[in-house]
Structure formats: structure tokens, C-alpha cells
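Trainee: Could we go through how a few labels are assigned here, setting each value against its definition?

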Amino acid sequence: MVHKGTKKTRQQNVIIVKTLEGPVLQVLEESSNSLVCLEGGFKGNATLTLALVWQLMRRYTLKVLSDLGEGEKVNDDIIIKWVNETLKSANKRTSISSFKDKSISMSLPVLDLLDAIAPNAIRQEMIKREDLSEEDKLNNAKYAISVARKIGARIYALPDDLVEVKSKMVMTVFACLMGKGLNRIK
């Protein structure tokens with residue numbers, strides 16, 4: 001519930017917003033997140049802006065996961081199983097054991113998954129697979145994120161998130177790719 005323009009209302013699960021309009025306001029109205037922002041809004045406050053953006057990304061990821069499970073909760077194990085089965089059925093050699101798997105730092109599982117769900121989207125000559133430097137890992141990650149977005153996956157993780165194997169952000173990448181892959185099948 002959003003009370004626009006209210007100054008001193010303070011209730012549980014109430015979002016007080018004076019400076020936001022349009023699509024952001026609509027998402028906040030539909031969410032169950034709590035956010036309080038009085039008068040000056042987010043202008044110039046990086047912490048509040050990042051908090052809002054993270055809540056929106058989190059909400060989107062939860063929606064993707066809910067849609068994947070057709071209303072039931074989808075957990076890490078289900079996503080990992082789908083990733084590995086999809087890679088195996090496409091005759092890929094990569095796999096992941098968790099969202100903390102160090103092989104993710106090279107982005108090869110992501111790139112192979114992209115190739116499995118969107119054949120011909122990946123140009124193999126753009127990928128470095130052996131003797132990777134940190135720069136090569138970053139270039140693979142940039143390419144993976146770019147191709148994922150190009151095929152319509154709403155990826156908001158950064159290439160650094162893959163290289164550094166930030167498990168929460170890695171999970172969002174695979175969840176969004178799972179959503180894209182399953183929508184292709186349906």
C-alpha cells in the first residue's frame with residue numbers, strides 16, 4: 001500500500017513516497033516491501049536509491065521464480081538441476097554444483113547454457129575457454145551478460161558478479177535464464 005504525499009504516517013508494510021512516479025510507483029504498490037521516504041526523497045541519497053533498486057530487483061527475481069514454479073516455491077536445487085540437465089541435453093561439458101561453484105568465474109556454464117537455450121546466439125570464437133586471465137574472465141562475463149540480454153533475459157547482474165561468483169547475483173542470472181529457457185519450451 002502506498003500513501004503518496006503523506007508526511008508522518010508510519011505503519012508496518014506502508015511505503016511513503018513523495019517523489020516517485022510512474023512504473024516505479026506501480027511496482028511499489030504491487031509489492032509487499034517496506035520503504036519509507038519523506039519529503040526530500042531519494043535525490044542525492046545513494047543508500048536509499050540502492051535500497052529501492054535492490055528491492056525492485058529482488059521482487060522481480062521472486063516473481064520469476066514464482067512463475068517458474070507455477071505458484072510453488074522454486075529453490076536453488078531446482079534451478080541447479082534444471083541448469084545441469086539443460087547443459088547435459090545440449091551435450092555441453094560444463095555443469096555447476098552450486099551458485100558458489102568456482103567454474104562460474106569463467107562464465108562458461110552461463111555461455112553454454114545460453115547456447116543450449118538459444119542456439120546460434122553465441123559466437124564460439126568470442127569465448128576464451130583455456131588459460132584464462134582475469135581480463136579473459138571479465139570479457140567472457142561481459143559477453144555472457146550481453147547475449148543474455150540480447151535474447152530477452154532480464155539480467156540485472158553485472159559481469160563482475162559472475163567473475164567474483166557472488167552467489168545471490170549468480171542465482172538471479174540462472175533463474176532468469178531458466179525462465180527464458182522454459183518460456184521457449186512452452
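Trainee: Why is Ser167 called partly exposed?

Mentor: The relative accessible area of Ser167 is 25%, and since buried means under 20%, exposed over 50% and partly exposed in between (1.4 Å probe, protein chains only), Ser167 counts as partly exposed. This is a predicted model, in which local features need pLDDT of at least 70 and side-chain atom pairs count only at pLDDT 80 or more, while totals for chains, interfaces and linings use all residues. Residues are numbered from 1 along each chain as its sequence is written, and side-chain values use heavy atoms, with hydrogens and water left out.

Trainee: What makes Thr94 buried?

Mentor: Thr94 has 18% relative accessibility and therefore counts as buried; this residue is found in the loop between helix 3 and helix 4, helices being DSSP runs of H or I with at least four residues, numbered from the N terminus.

Trainee: What joins the side chains of Thr94 and Asp112?

Mentor: A polar contact of 2.9 Å joins them, the term meaning a pair of N or O atoms within 3.5 Å, where within protein one must be able to donate a hydrogen and the other to accept it, and residues adjacent in sequence count only if both atoms are side-chain atoms.

Trainee: Which residues does Ser167 touch, not counting residues up to four places away in sequence?

Mentor: Ser167, which lies in helix 7 (residues 167–185), touches Phe99 and Lys100 on that count, contact meaning heavy atoms within 4.5 Å.

Note on methods
Helices (H or I, at least four residues) and strands (E, at least two) are DSSP runs, numbered from the N terminus.
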